[in-house]
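Here are a few notes to read alongside the model.

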Amino acid sequence: MTAPATVGAAPAPGPGPGHDARHRPPGTVLAVYGGAAVLTAAALGAVLRDGLVDPRIALAFGVLVAVGELTRWGAPSGEREPAPLGAAGALAYALLGENAGQATHHGVLQTVAVVLVAGLAGAVPRGRTALPGLFALDHLVRRVLTVGFAAVCFQPLYNAGELRHHFGAGPGYALLLVLLLALTALCDAVLAALLVRARTRHPFGPLLRDELRALPHIGSAVCATGAVIALGVAVAGLWALPVFCVPLLLTQLSYRRYAAVRTTYRQTIASLARATEIAGYTRPGHARRVAELSCAVGRELGLSGPELTVLEYAALMHDIGQLSLVDPVPEGATALLPMAEQRRIALLGGAVVRQTGVPAAVATVVERQADPYREQPMSARIVRAVNAYDDLAGECASASGPLSALERLRLGTAYDYQPEVVESLARVLSRGGRTAARTG
């Protein structure tokens with residue numbers, strides 16, 4: 001989501017972990033990138049020194065990976081696997097032991113070098129249309145490390161004849177490839193969660209859980225296609241490549257359409273939420289600010305993907321009940337109203353939300369945002385605290401507004417606001433998170 005305009009950020013308590021994270025890469029990122037750099041240097045050096053083994057096979061898989069990277073055009077920002085065809089081709093090359101019945105000998109380092117060069121070649125034509133820099137670079141680093149992991153697990157043992165001796169060429173061999181791909185997918189999920197954790201400082205557990213939940217979707221298609229390509233080329237030769245790529249391309253197309261529908265759905269909810277702003281009931285940008293900051297606090301508290309979706313929708317629509325008021329609340333600041341009036345607006349908002357077709361959990365959060373925090377679900381506690389913060393900080397146009405708003409929330413932790421939510425909000429703000437702004 002786009003960042004709102006801000007008037008003064010909440011002051012950070014001097015140099016500290018949050019301050020450092022904004023000025024230098026975290027140690028985890030440096031370690032992951034350093035490992036990828038060492039592996040890349042070794043791979044390119046070995047290929048430059050010894051040349052390509054089985055160059056025709058290397059070229060065929062390199063073209064496949066490059067074409068897969070080209071299909072990243074139009075991928076939504078943050079999509080977990082924006083180039084599934086490239087990923088499947090890279091994994092298939094790492095687990096390739098034969099070509100039309102003839103043994104291959106490309107090894108680990110050549111596998112990494114071919115995948116890296118092909119990935120870069122596929123990224124060049126996209127130019128400025130590529131995904132955001134850090135995300136694209138993380139994607140490439142993860143690709144290098146996971147392909148290297150798969151190749152290390154497979155190539156030495158296969159070239160030594162151990163795999164053929166123990167598993168032969170039957171179902172056992174196919175199951176072995178599936179197992180190696182599952183381990184590689186797990187490795188990639190851990191790397192992805194580590195990189196996001198290092199950059200955002202969100203809890204590692206929920207991040208890893210979200211990555212693992214995504215594996216049965218496009219991740220399973222990537223692993224299955226990688227195994228099928230490796231097995232198909234071993235029997236039929238390189239002509240198997242285009243045949244086995246078509247199903248994954250169709251899957252990618254369907255997935256992109258599904259993602260587009262979800263994006264349109266969210267945009268519809270956001271447009272509905274702006275009705276209170278257009279009618280003059282709330283300050284411009286209030287719903288968007290509350291949604292962005294609520295999601296940041298939810299991640300800080302360990303909420304997972306589906307919970308964050310409910311939280312975002314509820315935060316966008318939390319003020320929809322104000323449309324029932326004859327006279328608008330001054331600047332839409334419901335946190336300053338009597339508790340009975342807050343509950344009435346919340347219940348009316350929940351009734352409206354139930355008519356929009358969004359999940360019932362969203363309406364529940366909207367309805368219960370004015371209850372005592374001990375009786376609320378976690379999402380309602382977050383929305384209530386963040387909404388109050390934006391209302392209170394918007395009262396004051398000076399730089400002390402955010403700090404004063406936090407202090408007033410802390411004074412209400414006995415009944416109105418959960419202390420853990422307020423402190424999580426303070427931590428998000430201290431790291432440069434979303435802050436309230438007086439706009440309009």
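1. Y158 and Y173 are both buried, where buried means under 20% relative accessible area, exposed over 50% and partly exposed in between (1.4 Å probe, protein chains only). This is a predicted model, in which local features need pLDDT of at least 70 and side-chain atom pairs count only at pLDDT 80 or more, while totals for chains, interfaces and linings use all residues. Residues are numbered from 1 along each chain as its sequence is written, and side-chain values use heavy atoms, with hydrogens and water left out.

2. The count of aromatic pairs comes to five; rings of Phe, Tyr and Trp (its six-membered ring) pair if their centres lie within 6.5 Å, with planes under 30 degrees apart counted as stacked, over 60 as edge-to-face and the rest as tilted. Y158 and Y173 make a tilted pair, 6.3 Å centre to centre with 50° between the planes. Ring pairs also join F154, Y158 and Y173 into a cluster.

3. Another pair, Y265 with Y313, is edge-to-face, at 5.7 Å centre to centre and 80° between the planes. Y265 is partly exposed, with a relative accessible area of 32%, whereas Y313 is buried at 6%.

4. Do look at R384 too: this residue is buried, with a relative accessible area of 5%. Leaving aside neighbours within four places in sequence, its contacts (heavy atoms within 4.5 Å) include M339, Q342, D371, Y373, D416 and Y417.
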